[in-house]
Amino acid sequence: MGHKFQMDPKGWRVWHPSPTKPIFTPPPGAVDAHCHVFGPSDIFPFAPERKYTPCDASKEQLWALRDHLGFSRNVIVQATCHGADNRSLLDALRSSGGLAKGVATVRRDITDRELSALNDAGVRGVRFNFVKRLVDVLPTDDFIEIAQRIKLLNWHIVIYFEAADLPDLYDLFVQVPTTIIIDHMGRPDVTKPVDGPEFALFLKLLRENENIWTKVTCPERLSAEGPNEYNDVVPFARHIVDEFPDRVLWGTDWPHPNMKSHTPDDGALVDFIPKIAPTKVLQQKLLVDNPMRLYWP
Ligand code: 0GY
């Protein structure tokens, strides 16, 4: 066993110790399609190139949160603090009893055999992080090459970027031959108008590319107003769910890496769902039908 990492003394918040029980009851079989596991760092160390050091966030704690919130399944997404070392993710997937699937981070030197092992463990996608504060180099060079390879496995691509960078990345993203899922609505600046040019470009990307989906996640990150209502995020998420009801996913983003403004209450995040997906039909698509189609077809 290696050493336990010390979490960043500043800038890292341990997640909410006792989230409220949501008032909203998710439909049976609901999927939390964006969450992470970290460590245990003495067994699965954080990556040397990481930009933050979290505390451990274990698979057992994730399963307990899933049950508390009334969800049935998880999609665990590789975060940058573990780099392209997917061992913590794989450990969680293998002990999930089939109730979790994963999105890994890989480099272009990965072998077909390694890809196949990830597939056997339940990985169904590869994530590319274009958020500049999280990576040293944007993964632009690897992007299309890896996309071609994972297409053969019927996987998809997950991308994370900020709205201000979309004009530069747009032409790259439209070349991808697989389904693409955009994290956190492409991080709109919600202080700008929902009918303004920045969000219009994001909507155009989805409108003109039927292979592109998005997660309507992270009001806690995007809100300028703050907890627990996050009302300034509602018009953006609601518009997306209304226009693209078959291409949206939802997740908690537990344990909320890099949240500095406040510690989100995961129960309150679940209670945000009916504000952005107000009907039973939309909730069923967002929480069950869409993620099941991608991850448990
Ligand atoms: C998230 C958001 C963040 C971090 C990462 O991979 C990561 O480290 O995605 C962030 O800092 O905004 O979805 O976990």
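Helices (H or I, at least four residues) and strands (E, at least two) are DSSP runs, numbered from the N terminus. The model is predicted, so that local features need pLDDT of at least 70 and side-chain atom pairs count only at pLDDT 80 or more, while totals for chains, interfaces and linings use all residues. Residues are numbered from 1 along each chain as its sequence is written, and side-chain values use heavy atoms, with hydrogens and water left out.

His184, in the loop between β6 (180-182) and α6 (197-208), has a positive phi of about 50 degrees although it is not a glycine. Most residues other than glycine have a negative phi, and most peptide bonds are trans.

His184 is also one of the closest residues to the ligand, together with His36, Tyr52, Thr80 and Tyr160, in a shell of 16 residues (a residue counts as near if one of its heavy atoms lies within 4 Å). By class this shell has five nonpolar, six polar and five charged residues; here Ala, Val, Leu, Ile, Met, Phe, Trp, Tyr, Cys and Pro count as nonpolar, Asp, Glu, Lys and Arg as charged, and the others, Gly among them, as polar. Polar contacts, meaning pairs of N or O atoms within 3.5 Å, include the following.

| Side chain | Distance to a ligand oxygen atom |
|---|---|
| His36 | 2.7 Å |
| Arg127 | 2.8 Å |
| Tyr160 | 2.6 Å |

Taken alone the ligand exposes 350 Å², of which the protein buries 100% (Shrake-Rupley method, 1.4 Å probe).

Turning to the rings, the structure holds 15 aromatic pairs, for which the centres of Phe, Tyr or Trp rings (the six-membered ring of Trp) must lie within 6.5 Å, with planes under 30 degrees apart counted as stacked, over 60 as edge-to-face and the rest as tilted. Among them, Tyr230 and Phe272 are edge-to-face, at 6.3 Å centre to centre and 80 degrees between the planes. This pair links distant parts of the chain, 42 residues apart, with Tyr230 in the loop between α7 (219-222) and α8 (234-243) and Phe272 in helix α9 (residues 266-276).

Methods
Polar contact = N/O pair within 3.5 Å; in protein donor to acceptor, adjacent residues only side chain to side chain.
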